[in-house]
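Subject: Handing over a structure

Hello,

I am passing a structure on to you, and my notes on it follow below. Please have a look at it first and then read on.

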Amino acid sequence: MMRLLESVHGHVGVLAMAALLHPALILWSGRPLSRNARIALGASVALVLTAFALGLTIYPAYREQVKADLFRADVRAGLLFETKEHLAWVSLISALGAGVAALAAPPKAIAIRRIAGRVFLGSAIACALTAALGTWVASVHSF
Amino acid sequence: MKPDLPRRRAAVAGLVAAIAGSLGYACERGYAHIGASDMVTIVIREQRVNFYLALAIALFIAVLAGLVTAELASSEARLAALERALERLVLPLLGLAVVLMFYWP
């Protein structure tokens, strides 16, 4: 069961990484968002939230069943797993904040949407690092 | 008050919350590493900062920063100044948060 959840978590995380690039691109110029763009932006944030929530769900089992063996197998991988968790938080909170900013910004607030686009880019980069580290750590030791 | 002002305040507050939440969590990692190294770090960190508690504190920092920003950005001039500052600082600050996450695993 945990193996399945871990796999779903990983796949949703990779999807989130790709999805976060979309709001970064559509917000880059600062133009007002269409209705469909707003829906896509909300979906991207929801995807990151889902990936993070799945990670939180399996974290207790990771600590009990995997963590000790992972550190025995490779200390660097164990420490990088922790880094991955923290980068996932950066990705989530950046996407949430930028999502609120992009959706709340009035049509004339071009600068705010441009800044939100840059924050989404930062979120996408953090998410990409998270996915890469997660994949590597899972290859060292897993459920 | 201009009709757009409340929405701009909310938007700027969201951006500040994103940065504060990221940097706040990075600083918590630093706190967890005080006086510790290598394998000892791991044990001490888990004793000092529970993962879920750390997330809750970082979320609190983000929300608090957002609320304070919304309160401070009460005029058009202050909002414009905040937007200019954010435009310059947002990527360096997010980059700093990512670097700190690697520095304090």
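In which hand of crossing does H2(A) pass H3(A)? The crossing is left-handed, a term used when the near helix is turned anticlockwise from the far one by less than a right angle, clockwise being right-handed.

Before the rest, some housekeeping. This is a predicted model, in which local features need pLDDT of at least 70 and side-chain atom pairs count only at pLDDT 80 or more, while totals for chains, interfaces and linings use all residues. Residues are numbered from 1 along each chain as its sequence is written, and chains are lettered from A and ligands numbered from 1 in the order in which they are written.

Chain A as a whole

Chain A has four helices and zero strands, in the order α-α-α-α from the N terminus. Helices (H or I, at least four residues) and strands (E, at least two) are DSSP runs, numbered from the N terminus. The C-alpha atoms of chain A fill a box of roughly 55 × 25 × 20 Å along the principal axes. Of the 143 residues in chain A, 50% are buried; that means 20 or more other C-beta atoms within 10 Å of a residue's own, with 12 or fewer for exposed and partly exposed in between, the C-beta atoms being placed from the backbone. Among the contacts in chain A with a separation of 6 or more, 84% join residues 24 or more positions apart. A contact here is a pair of residues whose C-beta atoms, placed from the backbone, lie within 7 Å.

How the helices pack

Two packed helices are described by the angle between their axes and the distance between the axes. H2(A) and H3(A) pack at about 165°, with axes 10 Å apart. Axes are lines fitted to C-alpha atoms, for helices over the stretch in contact, and angles run from 0 to 180 degrees between N-to-C directions. H2(A) and H3(A) are therefore roughly antiparallel (over 145 degrees; under 35 is roughly parallel, 65 to 115 roughly perpendicular and the rest oblique). Residues in their contact include A:Phe52 of H2(A) and A:Phe81 of H3(A).

H1(A), residues 2-27, comes within 8 Å of H4(A), axis to axis, and the two cross at roughly 160°. H1(A) and H4(A) are therefore roughly antiparallel too, and their crossing is left-handed. Their contact has 16 nonpolar, seven polar and two charged residues. Ala, Val, Leu, Ile, Met, Phe, Trp, Tyr, Cys and Pro count as nonpolar, Asp, Glu, Lys and Arg as charged, and the others, Gly among them, as polar.

H1(A) has 26 residues and reaches 37 Å from first to last C-alpha, close to the 38 Å expected (1.5 Å times one less than the number of residues). Its buried residues, among them A:Glu6, A:His9 and A:Pro23, pack against H2, H3 and H4 of chain A.

Where the chains meet

The contact between the chains takes 29 residues from chain A and 29 residues from chain B. On the chain A side, H3 (75-104) and H4 (110-140) are the elements that give two or more residues. H3(A) has the largest share, 16 residues.

One residue to look up in chain B is B:Asp4, in the segment before helix H1 (5-32) of that chain. B:Asp4 touches A:Pro106 and A:Lys108, leaving aside residues up to four places away in sequence. B:Asp4 is partly exposed, with 16 other C-beta atoms within 10 Å.

Best wishes

Conventions: Two residues are in contact if their C-beta atoms, placed from the backbone, lie within 7 Å.
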